[in-house]
Amino acid sequence: MSDLLLLLVTGLGLGALYFLAASGLSLIYGLMGVLNFAHGVFMTAGAYAGWLTMSDLPQSLPIGARLAVAVVVAVLVGAVIGLVVEVVLIRPLYHHHIQQVLVTVGLSLAGVAAAQGIWGADPRPVETPAWMSGTTVILGARLPNDRFVYIAVALMLLAGLLALLRYTRLGLVIRAGVENRTMVEALGIDVQRTFTIVFAIGGAAAGLAGVLYSQYAGAVSPGQGGSLLIYAFIVVVIGGMGSLTGTAVAAVVVGLVQQLANYYAASGVGDLSVVLLLALVLLLRPSSLKGASA
Amino acid sequence: MTSQASHLTEAPEDAEPATRHTAEPEVARGRRRRPWKVVLPLVVLGVLAYLPYVAAELPGILPGRVNGPGSMQLLATCLVVAGIALSYDVLFGRTGLLSFGHALFVASGSYLLTISLSTWSLPLPAAVALALIASTVLSLVVGAVALRVGGIAFAMVTLAFAQAASIIVMRNPGGVTGGEEGKVLDRDAVPALLVGVANAPYRYWLALGFVVLAWVVVTLLIGSRAGRAMAAVRENESRAAVLGLGTYRVKLLAIVVASVLGALGGIVHALVLGGSNPHLTTSEFTLSLLVMVVLGGAGSRWGALLGGFLYAYADARLVEVSGAAWLEPLPEVVRQVLSQPLFILGVLFIVVVYFAPSGLTGLGGRLIRKAGSS
């Protein structure tokens, strides 16, 4: 029982990280049809920004406070990078989806290589607050505290994004744009600006995901974002390409399946079963992947 | 997505260029163009095949003599990668399929060869046959599943499959794949002619042979009915479907042909480099194939080969740029970034996507035509 509870919580924590990584991807894809391969670089940038912030702040500050500042910095860095990439690289290729994908692919190669050149290919350890690496005993299970943090942050992000989509004018435009972009443009609404904002939001979410994933992994490394990105892709596809709630559900399912299979079958089976899950979803419900409403 | 892909492939080399200034009949132009279209590849092939007899040194371009083992090995690697890029172009440039899983088939060819040679102790011909047949079956299964979705979703699904293979290889089940170390080729199981430093020229000819075979297969394919159907799917899939083409079958055929060629490339890669490298399984490898094809020019045999060759060459040689004297005055950070070949290639790739959508060969062809018409 305590084993199962532990697996459920760690699985949910992993799912929360997947959601953080996939939410920006899903939002961008849903509205703009851009498969953002540079999302991994956004995450890596967030992770490195957080790491640099934590080591540059005076060491006398408690680690928790420095981590909080690092998270804010990572989110800002992610947002700025997302904004710049959209304006400089994506916007000129409007309506050329394949070229947009290609540009983000080039960006992901160059970005990882740049990080590798500056900080080296080896993982650099990050500091973790003591209470995050500790455990809490619930119902006889020793549950790692950091998973609760990931779950809480993911829930806040989900609630925030859903509120944004439901209650603001921007959200209205985004939802309408996902539904029918041409019609929104015909109504005289500046979708371009919305695209930029959505890219910035996606970048911010990626920065957040990056810094939290570096806490999860205990280190920052250039390839980190890319390895998380693949699972984020799978989550976005299973979740229905562009639906935020679908992405959240898929993230939880993928995280749980991965964790449970890794424990009850063998280490590594979990990663494979995620791909198997994707194949099953494709075979049984290919129509769900044509894109959905936010 | 296929209609957008066609933007990149707007000038496939077999399409007659839109020459406005000429009024002569099609037939005459076709007859005039044909001889050099046959002769040029033969001349290039002749020069490449003769290289192992050239003892000259090309300082700065090749390490040591042209027919020295270092240069031969480098050129052989570049040729194999060029052939694999050509196989990827069957998907991307010819059929408009954006696959992120081509590495899966290259890796399956490479790993099945090395594993069946050492772990299962098969003779070389049987190992090659097994690797090819298994890769064909794999491509049928993966293709059949992935083609249930189109466009960007297809790209993601193929990526996921390739990632699964990468995970399996990295986990090293039963010590079979060698994990991160890779799998070394069993040298006793391959002919002595292909082993050892002194025999680098034979490995070079093997790589060249693979490129020729891939070229012939792709040429026959694009001239066939199936090849025309692929072009139709690339240009406008809905229209092709309305015209009564079985687009699913056409796309599946493209995947199978590309995968078998890719698997053959993986086999030759393993023979030339003396083993299987887990890098072949990674998504970065597929991405680099995409970069090669787009750099050289998608939908063009010369483009894919040139892109693959130059990419592999740059990847191996650009490291030396970081030590170059003219970089000294630059700040430390800039030099560190420029020391990464992938950074330069990634940036170059973005530039090409923006300013030369038909790739380097398309750019060259445009310049030649411009010079000819002025």
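I note that the model is predicted.

I then checked the pairing of these strands. E2, residues 135-138 of chain A, and E3, residues 141-144 of chain A, run antiparallel and are joined over four bridges. I found A:Ile138 opposite A:Ala141 in E3(A).

Next I consulted the UniProt record. The unreviewed entry annotates "transmembrane region" on several stretches of chain A, including residues 6-27 and 228-256. I examined both in the model. Residues 6-27 of chain A are 100% helix and 0% strand, with the end C-alpha atoms 31 Å apart. Residues 228-256 of chain A are 83% helix and 0% strand, and there the end C-alpha atoms are 16 Å apart.

I turned to chain B for a helix pair. Two packed helices are described by the angle between their axes and the distance between the axes. The crossing of H4(B) past H5(B) is right-handed.

I listed the residues that make this contact: from H4(B) they include B:Leu104, B:Phe105, B:Ser108, B:Gly109 and B:Leu112, and from H5(B) they include B:Ala127, B:Val128, B:Ala131, B:Ser135 and B:Leu138. Sorted by class, the contact of H4(B) with H5(B) holds 13 nonpolar residues, five polar ones and no charged residues.

Terms used:
Residues are numbered from 1 along each chain as its sequence is written. Chains are lettered from A and ligands numbered from 1 in the order in which they are written. This is a predicted model: local features need pLDDT of at least 70, side-chain atom pairs count only at pLDDT 80 or more; totals for chains, interfaces and linings use all residues. UniProt positions are given in the numbering used here, feature names are shortened, and annotations may be inferred rather than shown by experiment. Helices (H or I, at least four residues) and strands (E, at least two) are DSSP runs, numbered from the N terminus. Two strands pair if DSSP finds at least two bridges between them. A crossing is left-handed if the near helix is turned anticlockwise from the far one by less than a right angle, and right-handed if clockwise. Two residues are in contact if their C-beta atoms, placed from the backbone, lie within 7 Å. Ala, Val, Leu, Ile, Met, Phe, Trp, Tyr, Cys and Pro count as nonpolar, Asp, Glu, Lys and Arg as charged, and the others, Gly among them, as polar.
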